[in-house]
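Here's a walk through one protein chain, from its overall layout down to single residues. Keep the viewer open as you read.

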Amino acid sequence: MKAILDHIGIAVSDLPASLKFFRDELGLHVEASEEITSQKVRAHFLSTGTSSLELLEATAPDSPIARYLDKRGPGLHHVALRVEDIDAALAHLKARGVRLIDERPRPGAEGAMVAFIHPSAAHGVLVELKQPAPRVPLFKTPVRHTLGSVELITLSDGFFRLDGGAMFGVVPRTFWEKRLPPDDANRIWLGMRPLIVRDGSTTLLIDAGCGDKMDAKSAAIYQLDRTYHLDHSLAEAGLSAADIDIVLASHLHFDHVGGFTAIGKDGNVVPRFPNAKYVVHRGEWDDATHPHERNRASYLQENFVPLEDAGVLTLVDEGAEVMPGVTLRRSGGHTANHQVVMIESEGRTAVFAADMYPTSVHVPDPWIMGYDLYPMDTLAFKRAFAREAIEREHLVYFEHDPSLAAGYIREKDGKRSVERVI
Ligand SMILES: [Zn+2]
Ligand SMILES: [Zn+2]
């Protein structure tokens, strides 16, 4: 069980006098004050770097803090430890016979879930476990958008987490952490959001998330959350796997094409979409089937080799038109033949940016992932692409953004931003 000191609770009987010391004499900054009505207490948080002091003031004579003050007077009240999964932490302690005050988590301050361990089990210390509220709203609902005469539907195959530093390459953490707050292991939440493109006759799926073949060890490393996944998302959009005519890969990394195949009834890996042809760029296919030490962990053969065996694979070259108005465009950079997908209808353009712009936070040109094999190629492509996307108002889909599915890139006084559409 991994736990990090979150705050130390101090019971106070005279708040103005306490603030005079902690705020005025020690110079600590009051970050937040909140009344927790269920506990009849008001909490004042003073920042002390990565943790804080919580001054606890009773708001009624029968509050637990008032009773504590009657019995013991003001002073140290509890120690709060931050855990990632409070249910797992409680189950772990229960299994070891640790006496708990709360067997189930209950709501605490700032949207957190909390539970207390009995002081008799903790050598006289009241210990609070706290799972903070997720700071990034995770976006998963399918949303339809009409582009000229085609329909675009953004889907979800769940969420995972990757190292924030690796996601932003040379950009220091202080610049990106406010936009995509990291967890205690420095990982940030990412979505997996495949896209449907439909006209009157064809249903195309671009990428398919990581699918369900990942083993438990890898799922834990990536903190995979597929409680809601592509099947749920397709069903909610009124579709099923059998409705997909064409499946297209931006590139063959596992978080994009793991969902291309699934384990069949006899235990063999088979194509996941029974009526679809699968379209992959020829150069990307060659690289993925001949991996080296740097990209081997991302190119998992079971995600794409069975497509060739089943005879459903079509290899195409740069600029290929996959269905009317939908073309591949090589961005390179992330992999030598990474493709973005251009979708054009009646003078409007949408772009599935895949790992060229993994999130909307990656829109500034030098904000390039450390994972990219050829970052200078990414930079060259981004420079030219951004100009075009701003001038022509392309609707850009951000496949890995946890909370923003698509938007327009705007530029004002040299500063770029993304105007949310979905
Ligand atoms: Zn990738
Ligand atoms: Zn990716």
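## Ground rules

This is a predicted model, so to speak of local features we need pLDDT of at least 70, side-chain atom pairs count only at pLDDT 80 or more, and totals for chains, interfaces and linings use all residues. Residues are numbered from 1 along each chain as its sequence is written, while chains are lettered from A and ligands numbered from 1 in the order in which they are written.

## The big picture

The protein chain splits into domain 1 (4-131) and domain 2 (143-420), with bounds that come from an automatic or database domain assignment. Their centres, taken over C-alpha atoms, sit 43 Å apart. Along the principal axes, the C-alpha atoms of the chain fill a box of roughly 75 × 60 × 40 Å.

You'll find 11 helices and 26 strands; these are DSSP runs numbered from the N terminus, with helices being H or I of at least four residues and strands E of at least two. Of the 422 residues, 39% count as buried. Buried here means 20 or more other C-beta atoms within 10 Å of a residue's own, exposed means 12 or fewer, and partly exposed is in between, with C-beta atoms placed from the backbone.

## A seven-strand sheet

One open sheet has 7 strands in the order β20-β21-β22-β23-β24-β25-β26, with mixed pairing. Two strands pair if DSSP finds at least two bridges between them. The edges are β20 (321-323) and β26 (415-420), each of which pairs on one side only. Neighbouring strands in this sheet are turned by 30° against each other on average, direction ignored.

Inside the sheet, β23 (residues 348-352) and β24 (residues 395-397) run parallel over 3 bridges, and Ala-350 has Leu-395 of β24 as its bridge partner. Helix α11 (residues 375-391) packs on the sheet, touching β23, β24 and β25 (406-412), and its direction makes about 95° with that of β25. Such angles run from 0 to 180 degrees between N-to-C directions of lines fitted to C-alpha atoms, for helices over the stretch in contact. Contact means C-beta atoms, placed from the backbone, within 7 Å.

## Strand β18 and its partners

Why is β18 (residues 277-281) largely enclosed by the rest of the structure? Because 4 of its 5 residues are buried. β15 (residues 246-248) runs parallel to β18, joined by 3 bridges, with Leu-248 partnered by Val-279. β18 also pairs in the parallel sense with β19 (residues 313-316) over 4 bridges, where Val-279 stands opposite Thr-314.

## Two cores

The largest nonpolar core has 75 residues, and Val-247, Ala-353 and Tyr-397 touch the most other members. A core is a set of buried Ala, Val, Leu, Ile, Met, Phe, Trp, Tyr and Cys residues joined through C-beta atoms within 7 Å. Among the residues Val-247 touches are Leu-205, Phe-260 and Tyr-278, not counting residues up to four places away in sequence. Apart from this core lies another, of 12 residues, including Phe-22, Ala-43 and Leu-56.

## A hairpin and a helix

β2 (residues 29-36) and β3 (residues 41-48) pair antiparallel over 7 bridges. They form a hairpin with 4 residues between them, and Lys-40 in the turn has a positive phi of about 50°.

In helix α3 (residues 86-95), Ile-86, Ala-89 and Leu-90 are buried. They cover an arc of only 95° around the axis, which puts them on the same side of α3; the arc is that of the directions from the helix axis to the C-beta atoms. The buried residues of α3 pack against β7 (113-117) and β8 (127-131), while the face turned away carries the exposed Ala-88, Ala-91 and Ala-95.

How values were computed
Two residues are in contact if their C-beta atoms, placed from the backbone, lie within 7 Å.
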